[in-house]
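Hello,

Here is the structure we spoke about, for you to look over. My notes follow below it.

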Amino acid sequence: MATQSSRSAARAMLSPTVILLLIWMIVPLAMTIWFSLQRYNLLYPDRTGFNDFGNYTRFVLSPAFGGAVVNTLILVIGVLVITVVLGILIALLIDQPIWGQGIVRILVISPFFIMPPVAALIWKNMFMNPTNGLFAEAAKVIGLSPYDFLGQAPLTSIILIVAWQWLPFATLILLTALQSLSSEELEAAEMDGANALKRFWYIMLPHLARAITVVVLIQTIFLLGIFGEILVTTNGGPGTSSTTLPYLIYKEALLDFDVGTAAAGGVVAVILANIVAFFLMRAIGKNLDA
Amino acid sequence: MGKITLSQVRKSFGEVDVIPGIDLSIEDGEFVVFVGPSGCGKSTLLRLIAGLEDTTSGKIDIDGRDATLLPPAQRGLAMVFQSYALYPHMTVRKNIAFPLKMAGMSAAEQEAKVQHAAKILNLTNYLDRRPGQLSGGQRQRVAIGRAIVREPAAFLFDEPLSNLDAALRVTMRQEISELHQSLKTTMIYVTHDQVEAMTMADKIVVLNAGRVEQVGSPLDLYHSPRNLFVAGFIGSPKMNLITGPEAARHTCTTLGVRPEHIRVGDGPWQGVVGLSEHLGSDSFIKVEVDGIGTINVRAGGEIDVRHGDRIRLAPDMDKLHRFDAEGLALK
């Protein structure tokens, strides 16, 4: 039959791509798991062979690990809170019919187009630098002593930088959701006696629930892997106060040359990410159902 | 109480005068229908009364109180929107209770009122559903329920039946009329469908390009339209409007004859049958009358005429409408 043969033809033609993609995924994963079970340190090429779960225990029990997990979560949650709250407010603002709306919207979106290390370096050198930075100058103008953002509050500063980069994404998605809210629904609420604040709380916010969920899920995926901003600003320091899980893995692999432990860290990070995803989906996943 | 008076109400969007100035008085308990072609300003007028649009100038009184500058919630009016505007994330119960909740009513009182409204509207079994799980007619009833619980001075309906299918529209039309009979509350109803206007209204306001063309009871408008626009708009099928020598013979510029006021049989007009639609109860026949043009005739269901037949027509001389050059009716 025609459909039968065309179906198997389709399968045959698709299979090279699918198999290639599968290899692309399986091989690195298998290699990571393999390395994570080996003694594999570039400084000691003579030490080889199976290490069982020694790399895992070493990574998990290392003094920096607990702090890195906590820092990662603080970074993710901090950026999420800032971007969602500010994103809603900015979306409400630029949804208003104002003069120059097109330009304002482009300006709001532009941070998203800037490469993360570039943005982080600009923040570090031009804004947060305690001697040359604009913030330091501003503090001097009003008679305060300059604040060393990246030295005194490294994690908070990184959260600010990353939130600035992700704010456009949240704003954009929330703005489109806001625009899909029917004006009659808002007018009905107005007739029903709801003031602006109540209309926001009872009508707009529930309408935005799905968009907020999308923002939270997508941002979490990317924020768990934030690395470049940390590398170019604080290098995980001072001490380990801004070291996150990805940065810790980088440190094991490329500063300590311990490939085995870094691979174990990678596997641990994947597991932790899945745990986060599991709880996230349980908490807010139902918002995605129609 | 729900007496609404508009005096010299004007609305313009930028340069465009949507409503150049309307005087209108709506009595307590009346069912008033605003009818007109799309774009005639009837919805805008309703939104002005509701307070969803600001008047450019003029005054709106509700119950003798100047409401021109009051926000919508304080006017004591309830509105049913064309799209129903139900809150999709709330159950039917919460939808109906929303205005009560906004008014700060206690939960027990809310529940009692919701139950009462649900009973009137046959919604008791659907209170825990969401709008998305309801049919069009049920959604419509929820929207009405949300309006009822507020016990408003007047209900405003903005083309509420236009999203329903034909059969349901007839049912809901009757339900709204019955609701008006039992509540005796002022209702203002906007529609472009003259059948809805004729069947439901105590008083019809015919609007055209933001102006009131005529105000009157449905039969008033039917029997004595004030001008050509009303004559052509009210009545279905439309009135035949004849110009030329035949009109001149009756000393007017335009002669109007309703299709139902023309008899097939012996008469002064002769013509060839074009399209004929036999509905069983009635027959609508298009006749190409010599020297006059196309005339629509509404005849009895039993009549047997075919395409191409030559027949004679007799207009009912007592029921002719005559209009002058300005389109105004001549007495």
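A:Asn235 sits in the loop that runs between α11 (228–233) and α12 (245–255) of chain A; helices here are DSSP runs of H or I with at least four residues, strands are runs of E with at least two, and both are numbered from the N terminus. A:Asn235 is not a glycine, yet its phi is positive, at about 55°. With 15 other C-beta atoms within 10 Å, A:Asn235 is partly exposed (buried means 20 or more other C-beta atoms within 10 Å of the residue's own, exposed means 12 or fewer, and partly exposed is in between, with C-beta atoms placed from the backbone).

This is a predicted model, in which local features need pLDDT of at least 70 and side-chain atom pairs count only at pLDDT 80 or more, while totals for chains, interfaces and linings use all residues. Residues are numbered from 1 along each chain as its sequence is written, and chains are lettered from A and ligands numbered from 1 in the order in which they are written.

Chain B also has a non-glycine residue with positive phi: B:Asn122, at about 60°. B:Asn122 belongs to the loop between α3 (107–120) and α4 (136–148) of chain B, and it is exposed, with 12 other C-beta atoms within 10 Å.

On the contact between the chains: 13 residues come from chain A and 15 residues from chain B, where contact means that C-beta atoms, placed from the backbone, lie within 7 Å. On the chain A side, α9 (183–191) and α10 (196–223) are the elements that give two or more residues. The most come from α9(A), with six residues. By type, the chain A side has five nonpolar, two polar and six charged residues (nonpolar: Ala, Val, Leu, Ile, Met, Phe, Trp, Tyr, Cys and Pro; charged: Asp, Glu, Lys and Arg; polar: the others, Gly among them).

Chain B holds an open sheet of four strands in the order β11-β12-β17-β18, with antiparallel pairing; strands pair if DSSP finds at least two bridges between them. Its edge strands, β11 (240–242) and β18 (329–330), each pair on one side only. β17 (residues 321–323) and β18(B) are joined by two bridges, and B:Arg322 has B:Leu330 as its bridge partner in β18(B).

In the loop between α8 (228–233) and β11 of chain B lies B:Pro237. The peptide bond from B:Ser236 to B:Pro237 is cis, with omega about -5°.

Regards

Technical notes. Contact = placed C-beta atoms within 7 Å.
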